[in-house]
Protein chains: 2
Amino acid sequence: MAEQHRLEKFFAPSSVAIIGASTRPGKVGHDILRNMLSSGYEGAIYPVNPHASEILGVKCYQSVLEVEGGIDLAVVVVPAPAVVSVMAECGQKEVEAVVVISAGFKEAGAEGVARERELAAVAKQFGIRVIGPNCLGVLVTSTGLNTTFAAGFPKRGAVSLMSQSGALATAIIDWSIQQGIGYSKFVSFGNGVDVGAVDLLRAWEDDPETEVIVAYVEGLPDGPEFMRVARRVCAKKPVIVMKSGGTEAGARAVSSHTGSLAGSEQAYEAAFLQTGVIRAHSMQDLFDLAIAFAYQGPPQGGRVGIVTNAGGPGIMATDAVEHGGLELASLTSSTVERLRTRLPEAASFYNPVDVLGDAEAERYTFSAETLLQDENVDAVVAVVTPQAMTEPEETAEGLARAASSSEKPVLSCFMGGDAVGAAIDILNSHQVPNYPFPERAVQALSAMVRYRQWLEEPPDEVRRFEADVGAVRAVFERARSEGRVNLGEVEAREVLRGYGIAVPESRVAESAEEAEQQAEEIGFPVVMKIISSDILHKTDIGGVRLGIRDRQGALDAYELMMLRVQRYAPKAVLRGVAVQQMIQGGREVIIGSTRDPQFGPLVMFGLGGIYVEVLEDVSFRVAPFGERHARRMLGEIKSAPLLRGARGEGPCDMDAIVECLLIVSQMVTEFPEIVEMDINPLKALDPGRGVVAVDARITIAEEEAREGADDHALCRLK
Amino acid sequence: MAEQHRLEKFFAPSSVAIIGASTRPGKVGHDILRNMLSSGYEGAIYPVNPHASEILGVKCYQSVLEVEGGIDLAVVVVPAPAVVSVMAECGQKEVEAVVVISAGFKEAGAEGVARERELAAVAKQFGIRVIGPNCLGVLVTSTGLNTTFAAGFPKRGAVSLMSQSGALATAIIDWSIQQGIGYSKFVSFGNGVDVGAVDLLRAWEDDPETEVIVAYVEGLPDGPEFMRVARRVCAKKPVIVMKSGGTEAGARAVSSHTGSLAGSEQAYEAAFLQTGVIRAHSMQDLFDLAIAFAYQGPPQGGRVGIVTNAGGPGIMATDAVEHGGLELASLTSSTVERLRTRLPEAASFYNPVDVLGDAEAERYTFSAETLLQDENVDAVVAVVTPQAMTEPEETAEGLARAASSSEKPVLSCFMGGDAVGAAIDILNSHQVPNYPFPERAVQALSAMVRYRQWLEEPPDEVRRFEADVGAVRAVFERARSEGRVNLGEVEAREVLRGYGIAVPESRVAESAEEAEQQAEEIGFPVVMKIISSDILHKTDIGGVRLGIRDRQGALDAYELMMLRVQRYAPKAVLRGVAVQQMIQGGREVIIGSTRDPQFGPLVMFGLGGIYVEVLEDVSFRVAPFGERHARRMLGEIKSAPLLRGARGEGPCDMDAIVECLLIVSQMVTEFPEIVEMDINPLKALDPGRGVVAVDARITIAEEEAREGADDHALCRLK
């Protein structure tokens, strides 16, 4: 469906038909109508039910075609087998937006899958946009629009939430009402036959009533498009996503190191990191982050000031600051002096500021205000335990005043139950996010700090490298024409050379004399390897010789190889022996790529050998990416210090590794048919001396990449 | 204070004096009396206040000495400066147990520290046991004893809780009342001048009213004693500890690799692991675990059955099962058949069992019961979202019935707010722990599984190795007599040899001819190193030569070393040149030890070189430990596959490494004066060929270890 077709009719319809409205309380078709009527919606409401003349005092229609006026939005609650014909009627009536609540589609076996396909077809035929099926639909707090059958209606707020799961959505609504969390818009999109996460991101991107977007998803069918849109939206407002479930790559045969280490988890992690999406790791986390972002702006930096009326929780908050990668602010001397003027002598004037157990509201508030005025403090976490002299409500009010008079975020942790219940309500109503335990407040703050850092980064420009695309395509075509998808060293080297990646000088010898001659020309020492796509483990049969130092050695190596191949692999087709420059020294790294079913080309970096194979110490990004992310990949692995030089060894050419990552990123973007590749090892020489791809293997798809994938990839390069 | 002096008088006093009882509501001394009177305590209560004749209708005394009958427990609420004299009166009155609520002690600067010392002295003088100062004291739900000034009284339950922080304790009481969490006993011990965590563990060890012990601590002053007691108590009932705050080793000079990697965090982690203590990583976690253990018994194994009425939360639970190291149970075919008889066709009969959104209580309960009967299921997690047809209360009741008729634990996740509020109350009253989100239920279950595993392990017997303790002591004494605490390679080797750890054959040469001769005798190749405690980095000045292959090489090496030492370190005192057998091959590992201020000797294991220095891939245990923990240390490091053989290399002698760890564990226990040591590298040869300590350094204390430390260490060996 075209991007320009927006979703206004879902969120601001002037009239709503409820097809399948029921007379019987407890039935979904009844409860939805009741919710629509009781939530304050002021547009026209048309119940549709051929067997009723009126429901809940509202006139009922035989079908949408009977309704006199136009219908902006239809909510369909009829049994699954009737949905398609009802959709057709909506089409005739020129309804542009339909919410299909009914279940019984792709979640319900083969018959359901077929039914869902029909639903998609009829929607396309009439140009109808569909939310659902198997969902709760839409709820808009500002207008009282409510197509759900959930009990209760959440209060108004700045958060818009989308959930793939309808059941979760009912629980969320119920829980949010109890917790006092407000929403702007709420969409449960179920099977997502049409409208999905990406459409909703677009819809809320410039929605002035939506300040924070929160999503629960179990998968993202169009990863590249999600990334494109999310990156843009995240620059405007925070997008918090909880992704659950394993969308595994399935039973794909994996032959490369990269392939064996890259799972869907790595792809999501990289995609969120690259687009600024804030990832929640649990439902708890999702809401903790949602209220933090909805109530307070992200801080300028990570220096946290803590005010507490108790030592223990102050220590917990301090621990959490350290674990969350934040910093305990070092208070200025004037702040300390100022605190001394009003706090008792036994108080702690340094961070965390302990105002003591007997602090009333005034002392507490003064301290919070003072911290907020300190130039070394970026955010304040306020911890309050209910003690004998504590004035929870007044303290909450004072804290709310302090928070509203400062640009800096204030997060609170009023600990306890009934003693702080009223105080928490006050905090909530003044947009101070409260958490029952200090760790959760600090974790939320930590996510805000990371988001702010992301916001302030310049765009990660994707560099464009010259490449001989034609030569590369020719290699792929030749392999395919010979019925091969696995490119060995020689062909892989041609591909890399086409992209300007240095490879060792190499010739193919077809006789011992030629080997001798070529080795001489290349210069000793050389490496010799048999060339045969029939022999996978060349080393095992003596097909690889390193460190050949003279002509005699080259001659011997050639003849031994021929002898052994005849003995151990008599049927193998040989293309000769590669005589290759031997790259001495340098740090062995690996750069690889695989294709993720959701996000497409995923590029991996790690140190060669044990680091990748045993320690799995690697880093991933979705291609294409720019220099900033390439550089971060180098820094993210635990063995990064080895690149910078450690244990008496000097640094290696990290700039050249970064450039090579960028080239690979471009290559796998331009050639989506590259299914897997490993450059292993890539030798990183001394700084300024570059990198050399000593060995590589590439697996391509059996057919040239379909246009779709190619298109996506290229548009993201712009 | 002697262990036999138990704490009954704190928990079951027949009479309580409140010294500092106040007439004025809002004052702590008033609120405590009010709490004592209103909580249902049936013993005698004696308010003490020289300025009042009665308070809250109870006769008031001038001092404890005026009270006619005996006093089992005194609660002291007078200002800090008056506490010591009040204590003396208690002593005269033969009061055996005193809770000091008053603040103003070591938490309040130098004066307070002195005052706390006086308090300790007077307590000792009269043989009084003290809880506090700066605390809330004691609360016992079964008798209504309540020395706290906290508002409200929690309900009765199986959990006994201790908190070092009083403020946290007030918050916990308040919060627990709201959440319906019940307690048996509750102690806030504040500064812990006498009674601390270890005493309370002992007091609750055999308390029939305490089924679960929960502790919040900021430090554990006597680590070894804590370990000894905790190990014993954990075998009887679960002990859950939240440890916050950094009790850092302070500005200790660290010269070894082990020292630089071992922090207090590593020591606590190891101590908890070795004693079966269940560690909570946040307050949230602490309560999540507390209710799980209090309500349900730990499962036989980690195979989890999930019942859900919604797909999304089912996926979340499944994700959490995987992340928590548990296993999704594979249901038997008879379970699947049984489910088919009663569940609709569209349901999922495999784990997670999805009973569909329209499931009423009966369908839900049937499924839970069926899973509990499956021999492949060890525990059930029940997820319920409030949907149109859901019957939350009835479902809760059915689930509670199912749980009570099975030995297997059932944890639930009724999601939502008001819609599930009454259901959660039902679950609580039937001891089914409920969590708002699936992840938290599964995390709690995961801790139960680990505890069960710990329970079932046989004791980790500490093996005893023959050692020439006299020879080792002589080495230490000689070094100390020469004013040295750093033992170099030669002396360290003597120490290791004293414990039967293999070292390379080595001689000291004092002339080139001697070097030649010795090398010949040892057998080539040899290593030669200058011996001088004045030269720290021998390699830098050419003071180490590897791989010397013949007599000429030995001669050359000796003379070159002498030349270079004269040139670069003319003032160094030389003890000659070590001529040493060169150990070829083998895997380099490191075994080290350092002393933690809380727990004493901490032993480290890791792979040598980069793995320790760059990747910090190491594992710790508190010594002494037995073979099981030694073997686990080998398995815990990420590079463990390298020990077992990887990338074409065979395995190394892991049994010998384990034995060496055990010997080091014994050595640092027997010699607490070993402050730090590194055996680096220890070469692990092929299986059956043992290990050789190629190089080592040891730092000893300036004085022979004090008796105390030694005592502790030895008694733990029994």
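This is a predicted model: local features need pLDDT of at least 70, side-chain atom pairs count only at pLDDT 80 or more; totals for chains, interfaces and linings use all residues.
Residues are numbered from 1 along each chain as its sequence is written, and chains are lettered from A, with ligands numbered from 1, in the order in which they are written.

Let's begin with two helices of chain A, α7 (residues 223-234) and α9 (residues 264-275), which pack at about 30° with their axes 8 Å apart. Helices here are DSSP runs (H or I, at least four residues), as are strands (E, at least two), numbered from the N terminus. Axes are lines fitted to C-alpha atoms, for helices over the stretch in contact, and angles run from 0 to 180 degrees between N-to-C directions. That is why α7(A) and α9(A) are described as roughly parallel to each other. On the α7(A) side, the contact is made by A:Gly223, A:Met227, A:Ala230, A:Arg231 and A:Cys234, and α9(A) brings A:Ala271, A:Gln274 and A:Thr275. Contact means that the C-beta atoms of two residues, placed from the backbone, lie within 7 Å.

Now try another pair in chain A: α10(A) and α16(A) have axes that come within 9 Å and cross at roughly 60°. This crossing is right-handed; a crossing gets that name if the near helix is turned clockwise from the far one by less than a right angle, and is left-handed if anticlockwise. Here A:Asp288, A:Leu289, A:Ala292 and A:Phe293 of α10(A) meet a group in α16(A) that includes A:Arg440 and A:Met448. For the sorting, Ala, Val, Leu, Ile, Met, Phe, Trp, Tyr, Cys and Pro count as nonpolar, Asp, Glu, Lys and Arg as charged, and the others, Gly among them, as polar.

What about the two chains together? Chain A and chain B each put 56 residues into their contact. Which helix gives the most to the side of chain A that touches chain B? That's α5(A), with nine residues. By class, this side of chain A has 27 nonpolar, 19 polar and 10 charged residues.

Over in chain B, look for an open sheet of four strands, in the order β21-β24-β22-β23, with antiparallel pairing. Strands pair if DSSP finds at least two bridges between them. β21 (506-509) and β23 (544-548) of chain B stand at the edges with a single partner strand each, so one side of each has no neighbour in the sheet. The twist averages 20° from one strand to the next. β21(B) pairs with β24 (residues 577-581) of chain B over four bridges, and B:Arg507 has B:Val579 as its bridge partner in β24(B). Helix α20 (residues 551-568) of chain B lies across β21, β22, β23 and β24 of that chain, at about 15° to β22(B).

The peptide bond joining A:Asn680 and A:Pro681 is cis, with omega about 0°, and A:Pro681 sits in strand β28 (residues 674-684) of chain A. A:Leu356 isn't a glycine, yet has a positive phi of about 80°.

Definitions and conventions. Angles under 35 degrees count as roughly parallel, over 145 as roughly antiparallel, 65 to 115 as roughly perpendicular and the rest as oblique.
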